Amino acid sequence: MKKAPERLTSLLDECKTLAFDLNFNYAKQWKAKSKYRLLVGYLPIYVPREIIHAANGLAVGLMGVGDRKQIIKGDAYYQSYICHLPRGIIEMALDNNLDNFDGFLFPSICDCVRNLSGMFKLAKKGKFSRYFDYPQNFEKHIGGTFYRELNETIINDMFKINDMKITTQHLNASIALYNHNRDLIETIYNIRQEFPWRLSAVDIYHIIRAGMVINVEKHNEMLEEVVNLISEDFGEPMDNIRVVISGSFCEQPPIGMIKSIEMAGCYIVDDDFMLGSRWIQGRIDDTTNDPLNEIVEAFLTKSAPSSAVYDVPHPKSARLVQQVRDRGADGVIFCAASFCDPALLDRPDLQKACDDAGIAHINFQFHENTGQFKVIKEQAGTFSDSIKLWV
Amino acid sequence: MSNPKEAIKEKSMVIQKEMLANLFTELSNAKANGKKVVYTFVPGNLTELILAMDMLPVYPEINALQSGMRKKSGGYIKDAEKLGFSEDVCTYVKCDIGMMLNGNIGPTGEKLPEPDLLLLSYTGCFTFLKWFENLERLYPGVEIAMLHTPYQEDGKITEDQISYMVKQLKEDVIPKMEKVAGKKLDYDRLGKMLDNAAKAEDLWVKVLETAKNRPSPIDSYFAGVYYMGPLNTAFRGTEEAVHYYEELYKEVTDRMKLGLCPVTPEGEMKEEKFRLVVEGPPNWTNFREFWKIFYDMGAVIVASTYTKVGGLYDQGFRHEPGKPLESLAKYCMGCYTNLNLPQRVDLIEHYIKEYKADGFLINSIKSCNSFSAGQLLMMREVEQRCGIPVGFIESDLVDPRYFSYANIKNRLESYFQMLGQRKVIIAQEEAAV
């Protein structure tokens, strides 16, 4: 069996370190190089990072603390029946991990994240903090106009801080960089679909999560290298089933859980972890005189299926079934954070769609600092065995 | 736990009961009479639009809370959980879906008609969106209209937001309503209804403000949830609602002139010992036992945030016949749960000062993140700003598994002891001065 290239191992180590640096040292060092640079923290799932990039800013994903930080103060801010993610975010804010951040964006995911935006306002964190209220109307002249105004508000917030005006040229260049970023990520997923043993789900998780805290130029370099390295043949396939994971779009699963699922005999060939980096499906036109319009159009017409967006016009159940077919997956693992109303309220319909389509599925819940995976591993293992034996 | 006797009802409550009974009878006959039925939500409801097109509204939250009060919600919730809904999610949704699975029998024992239109007025609660996505699948083929109400994230309503909402109303929501109703919206009729709405809103504010008196003639939370009913549901914009609030205001001012305390299910409170402001919805499964803990201790709720989920009329908003759609847009955006956290803290501070409250209490609801997420920080802010004792209890809307009578009673008794002790200290300090 040909071993994985050494460079890949070192690159993955670098990504792992970046992904879980809860002090965001890379981003802070990046900002320190110029007084015109900005750091804008954003909660899952999606913000158009292109506008932040074009304003000489770095969009930094605040994806939670996982099991890497003990929550002490955060638990005093949230009742036991509220999900785990916002506790870690507040803990970081109170522990000064987020010092030097200029602003914060709280995408419209759920009421917890919405109210967290108000908590940041009350705690006076950042020079601006905004609830990023996606339109739930997808007509260009209705929801599109509203969304454009929302983006312009953020652009104005940033302009007030660094006095940098976004030009058409700047924004088109930023769009091109993020187009390339999404293309590369998609390429990695495509290679993994065929050769999932070359890169584990944990590895790709680290690679993408690293991209949330560094500048897109550097991330693209890393992704290009990964694509080159995993295009070579190495490793050996195992007798695993292929699964899609659905439901973990906001609060992130612990690494141990992803590892447990794979060790139990499941190749994860697609997922909705860190969905924001893959939100826009396809390319945004980077050649027009009105690039902001292109960003708006992309949101309205190319958004990934998500529990955060009104889906009656395009039911996500049909899109999940299609995703399973496209990826050649054997089944779906519904894996949502505890107390996550959006994901958990979607689950019965998604399960029904899978039943109707003859797709096997199991489900369990987690929180970002779950420490025990034995039950999950057994459940995933049984799922894998049952598919191998009976399907 | 006590076993409450038949509740003593004020005249206004009897009137309201009749209004509701008539509505549910009308609903049970809707299909036979060719009336179209619209399911919609209380916060940011568009009742005047529905009624102006001769359709009948059904409010799933009201059905859920009624099921809670009638001790049926526990079974409904379990049935929804069997269908795959997690224990963790909103119990209003599960109760509603469970009720539907069990034949959709309404509070009067009559079957509720299936919807002709799902009007998703998505105001102040993200779960509303998920709720109606589920209903849309459970009633396949039914027309659905979505009205996205932007959040007051910056603590104000902007022109952009109003314009967004008016465009949605004009180009999407109203055309879908007209299609279902089979008729065009009559703007004159709508204007008349908005005029009636404003009259009822004036009276409602007068009722709420009687609680500034000592003793307060009303309980603005436990009784308030009854008082707000006609305005927040199927009657806003009608002559009936105006009549109801005229009667209610008369009744309350009569009580005020006589220096009487609020009426409770067991009769009139004898003494007002503590004046409280309460944040959060009440528990519905044990509503009377919950209320009794308060009136037994002489505690009156002089202002509450829950009674503002259907609109912040006491802060000046009125429906305007001259600007119907703009005014509906502002109404939706102005509901309490659509305010950001700093606005909510400011409002509570205002209530505590304006209504001269002795304490501030949060009933934190497991099911309702829109209310609950952030309440612990709000509590600290209020305590800091107002310097009054704050209390915190936890329960749920309609899941009986999350109402622990003994725990809540213990905690409240300790809280009232603290309030009592504080009154003694304040009196001693004042005497010393």
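Helices (H or I, at least four residues) and strands (E, at least two) are DSSP runs, numbered from the N terminus. The model is predicted: local features need pLDDT of at least 70, side-chain atom pairs count only at pLDDT 80 or more, and totals for chains, interfaces and linings use all residues. Residues are numbered from 1 along each chain as its sequence is written, chains are lettered from A and ligands numbered from 1 in the order in which they are written, and side-chain values use heavy atoms, with hydrogens and water left out.

Start with chain A and helix H13(A), residues 316–327. The expected span of a helix is 1.5 Å times one less than its number of residues. For the twelve residues of H13(A) that gives 16 Å, and the end C-alpha atoms are 16 Å apart, which agrees. Just after H13(A) comes Gly328(A), with a positive phi of about 65°.

Which residues of H13(A) are buried? They are Lys316(A), Ser317(A), Leu320(A), Val321(A), Val324(A) and Arg327(A). Buried means under 20% relative accessible area, exposed over 50%, and partly exposed in between (1.4 Å probe, protein chains only). Seen down the axis of H13(A), the buried residues fall within an arc of 150°, so they line one face of the helix. That arc is taken from the directions from the helix axis to the C-beta atoms. An α-helix has 3.6 residues a turn, so residues three or four places apart point the same way.

The cover over these buried residues includes helix H8 (168–194), strand S5 (241–246) and strand S6 (266–270) of chain A. It also includes helix H6 (126–138) of chain B. S5(A) is itself mostly covered, with five of its six residues buried. S5(A) pairs with S6(A) in the parallel sense, over four bridges. Two strands pair if DSSP finds at least two bridges between them. Val243(A) has Ile268(A) in S6(A) as its bridge partner.

Now turn to chain B. Its secondary structure comes to 17 helices and ten strands. The radius of gyration, taken over C-alpha atoms, is 21 Å. The globule rule is 2.2 Å times the number of residues to the power 0.38.

Chain B holds an open sheet of four strands, in the order S8-S7-S9-S10, with parallel pairing. Its edge strands are S8 (299–304) and S10 (390–395), and each pairs on one side only. The twist averages 30° from one strand to the next. Six bridges join S9(B), residues 359–365, to S10(B). Here Phe360(B) stands opposite Val390(B).

What packs on this sheet? Helix H12(B), residues 287–296, touches S7, S8, S9 and S10 of chain B (contact means heavy atoms within 4.5 Å). The direction of H12(B) makes about 115° with that of S8(B). Axes are lines fitted to C-alpha atoms, for helices over the stretch in contact, and angles run from 0 to 180 degrees between N-to-C directions.

Helix H17(B), residues 405–432, reaches 40 Å from its first C-alpha to its last. Its buried residues are Tyr405(B), Ile408(B), Leu412(B), Tyr415(B), Phe416(B) and Leu419(B). Among the elements covering them are H12(B) and S7, S8, S9 and S10 of chain B.
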